[in-house]
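Notebook open, structure up on the screen.

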Amino acid sequence: MSETQQKQRSPIDTDRVVRHLSRNFSVITKDLGRAVKGNALYNYQIEFAYMIDEIQRGPEYLAPKVIADANELIATIQLERESNK
């Protein structure tokens, strides 16, 4: 293989990514009220927390997929909020 085919990926700055995702999640969910066991906000928070944990403690090769999933969750919440207006 040539050197261009063996191009190494730069490592993901997981701390920065987690801060960014957390900030976006907080902004999107701030008007959803209180999290009570069983309501939508509570379920979103649980799902998001597991994703953040997977990004921080999971295998490095899975991080891009979990980051994409977290972004998709945030986009889904935003779409649901816009459709309920």
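Predicted model: local features only at pLDDT ≥ 70, side-chain atom pairs only at ≥ 80, totals over all residues.

**Entry 1, aromatic pairs.** The rule I used: rings of Phe, Tyr and Trp (its six-membered ring) pair if their centres lie within 6.5 Å, and planes under 30 degrees apart count as stacked, over 60 as edge-to-face and the rest as tilted. The partners are Phe-25 and Phe-48, stacked, with 4.2 Å centre to centre and 5° between the planes. They link distant parts of the chain, since Phe-25 sits in helix H1 and Phe-48 in helix H2 (residues 40-57), 23 residues apart. Helices here are DSSP runs (H or I, at least four residues), strands likewise (E, at least two), numbered from the N terminus.

Residues are numbered from 1 along each chain as its sequence is written, and side-chain values use heavy atoms, with hydrogens and water left out.

Are they buried or exposed? Phe-25 counts as buried because its relative accessible area is 7%, and Phe-48 is buried too, at 6%. The cut-offs are under 20% relative accessible area for buried, over 50% for exposed and partly exposed in between (1.4 Å probe, protein chains only).

Next I asked which residues Phe-25 touches, not counting those up to four places away in sequence. I got Tyr-44, Gln-45, Phe-48, Ile-74 and Ile-77; contact means heavy atoms within 4.5 Å. I also checked Phe-25 against Ile-55: they are 30 residues apart in sequence and 15 Å apart in space, C-alpha to C-alpha.

Thr-29 lies in helix H1, which covers residues 14-29. Thr-29 has 8% relative accessibility, so it counts as buried. Leaving aside neighbours within four places in sequence, Thr-29 is in contact with Leu-41 and Ile-77.

Arg-16 is in helix H1 as well. Arg-16 counts as exposed because its relative accessibility is 52%.

I counted three helices and zero strands, running α-α-α from the N terminus on. The C-alpha trace spans about 55 × 25 × 20 Å along its principal axes. The radius of gyration is 16 Å, whereas a compact globule of 85 residues would be near 12 Å; the radius is taken over C-alpha atoms, and the globule rule is 2.2 Å times the number of residues to the power 0.38.

How much of the chain is buried? Buried residues make up 22% of the 85. Of the contacts with a separation of 6 or more, 62% come from residues 24 or more positions apart.
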